[in-house]
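Trainee: I would like to learn how to read salt bridges in a model. Can we work through one together?

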Amino acid sequence: KAGRQADALWLLDESPWWPTADLADTESVVPAAARVLIRAGRQMEAERLLKAYLLGSPSDDEGYEALLSLGGTNLVSWLDALYARDRFEERPLIWKAAALLQEGALDEAERVVRQALKVDPTDGEQAPGQRVKAYAVLGDILEAKGHAKDAAFFRDVVRSVRVAEEGDALYEAGLISRSLKKYEEAESLFADAYCVQ
């Protein structure tokens, strides 16, 4: 984050203090390490690292985001193979749709993201800020297809959940009346959100 690329590369390549011999085993560091490698022009290393990481952490959006930034011709088929390993994990489908959107394959992207929504519509197990990712991608796809009204609806779904997450944080802090106001705001954006209700 400080922009000290050379120091970050030294830590990755030379530092003797890692608790493991393989960076892929140090899960919390992998997406950040991959971004350092990408900025250093070491895309092939970053790709191998991210793919190994996502095999063991298939729900980590940060890893997919870094992988998607690399592009590559076999990414869609690799995501298909990852999804085939666990058909109850929607993340490979969501990021496949994002990759297809990048490629301009809008109809296929929409079909894939709607398939992800059938697997898990709300991403309930994801951390705050990462839930309803499929709706966000669907909004981007619909906007790219020229369906502004439908895109706005799905963006409101995402905003509703984000506001409700703020309400959750207030509730957990014991600030009940403030949390209720957030939940009411979230419901005004998307009344059918069962997680808000």
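Mentor: Start with a pair. Which residue forms a salt bridge with Glu 110?

Trainee: Lys 145 does, with the closest N and O atoms 2.5 Å apart. How should I read that distance?

Mentor: The general idea is a cut-off: a side-chain nitrogen of Lys or Arg within 4 Å of a carboxyl oxygen of Asp or Glu. Keep in mind that this model is predicted. Here, Glu 110 sits in helix H7 (residues 106–119), while Lys 145 is in the loop between helix H8 (133–144) and helix H9 (148–172), so the pair ties together parts 35 residues apart in sequence.

Trainee: Is Glu 110 buried or exposed? And what of Lys 145?

Mentor: Buried means under 20% relative accessible area. Glu 110 has 14%, so Glu 110 counts as buried. Lys 145 has 27% and is partly exposed.

Trainee: Which residues join Glu 110 and Lys 145 in one network?

Mentor: Let me take another pair before that. Asp 140 and Arg 155 meet through their side chains in a salt bridge, 2.6 Å from N to O. Asp 140 is in helix H8 and Arg 155 in helix H9, 15 residues apart, so this pair too links distant parts of the chain. Asp 140 is partly exposed at 35%, and Arg 155 is partly exposed at 30%. Now your network: Asp 107 and Arg 114 join Glu 110 and Lys 145 through salt bridges that share partners.

Trainee: How many salt bridges does the whole structure hold?

Mentor: A search finds 19. One of them pairs Arg 42 with Glu 45, at 2.7 Å from N to O.

Notes:
Residues are numbered from 1 along each chain as its sequence is written. This is a predicted model: local features need pLDDT of at least 70, side-chain atom pairs count only at pLDDT 80 or more; totals for chains, interfaces and linings use all residues. Side-chain values use heavy atoms; hydrogens and water are left out. Helices (H or I, at least four residues) and strands (E, at least two) are DSSP runs, numbered from the N terminus. Buried means under 20% relative accessible area, exposed over 50%, partly exposed in between (1.4 Å probe, protein chains only).
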